[in-house]
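Q: Could you take a close look at a single part of this model for me? I'd like one connected walk-through.

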Amino acid sequence: MDKKKKKKKKALIVGLSYRDDPVRTLMRGPINSAVYLKKLLMKEFEFSQKDITLVTDALGKTPTDKEIINHLLNLLANAQPGDIFLFYYIGHGGRRESKEYNNNSGYIEYISLGKNAEGVKTFISDNTLRHIVEPLPQGCSFTFMADCCCSGALLEGATEIFGSSTQFPVTDKIPAPMTEHLDLKRVDLSNCRKLGILFSACQSFETTGGKYCDVKRKQVAYFTDTVIAIINKFGVNISNRFLFEKIKEAYVEDGKEQSPGLYCDISQVDLLFLSLEEAETSQLPENSEQAKLTDNQPRE
């Protein structure tokens, strides 16, 4: 009799400081936060060290779009129902107006990466991220944590549950083309299958930043440090909704002007964070924003 195949728990963690680019602002918090998140995954969520890929530019060279895309494809290779995947990015992010392509926010959001061989800065757009995630089989858990500016709606097509970055209805412009590095079939952007879960540090039109952590005595990213603090306080058996609402509470208490975001299928809101299991009713916050879910369901 064949042994039951063990489900995978894998993560790609990318933390960038841009040490090799004098034009872009050098950031001291991302690499520290990336390392702390890796430790959290291993200690609290039982990720194996061999199944976590940590990519940083601590030695000076910032990875390009091609390199990160290859890491993402390797992360998701041979995915099977029941597998758990996490993509965490911390670094610079941005957006540009989408004049010719269909985009649910009216802008193309992107993560900012290193220079290629020709010395040109590279990026990975929200549309490219969608094309990478789209082929995953149903029954997988894919979570994207984006700790960067303009991170709202960074997974194109994912339903905005809590946030104010997307616009409905989307335009009738043509779908954005795939990056030349991505050898996958074209995706119909009108398809509303479950893409995954995006936690964004801010909205598409906002910026985010870092802080000095007295306990760690190091510069860290505010959003990531908040997530880690919530998990350390409440444990791992918390829903995506609960985690988001606690992040939002922290933003308000600390006087932050930006707002975090949660993007996913409505059926994924009350799943446990980094899990395919439903959270127990008793684990949901009493001040749940259920009413907002109705307003943010996908439009027909």
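**A closer look at helix α5**

A: In α5, the buried residues are Asn240, Arg241, Phe242, Leu243, Phe244, Glu245, Ile247, Ala250 and Tyr251; buried means under 20% relative accessible area, exposed over 50%, and partly exposed in between (1.4 Å probe, protein chains only). Keep in mind that this is a predicted model, where local features need pLDDT of at least 70 and side-chain atom pairs count only at pLDDT 80 or more, while totals for chains, interfaces and linings use all residues. Residues are numbered from 1 along each chain as its sequence is written, and side-chain values use heavy atoms, with hydrogens and water left out.

Helices (H or I, at least four residues) and strands (E, at least two) are DSSP runs, numbered from the N terminus. Helix α5 covers residues 240-253, and its 14 residues should span 20 Å at 1.5 Å a residue; the expected span is 1.5 Å times one less than the number of residues. The end C-alpha atoms of α5 are 20 Å apart, which agrees.

Now for the side chains: glutamate 249 and lysine 246 meet in a salt bridge, 3.4 Å from N to O. That term means a side-chain nitrogen of Lys or Arg within 4 Å of a carboxyl oxygen of Asp or Glu. Glutamate 249 and lysine 246 are three residues apart in helix α5, so about one helical turn separates them. Glutamate 249 is partly exposed, with a relative accessible area of 25%.

After α5 comes glycine 255, with a positive phi near 70°.
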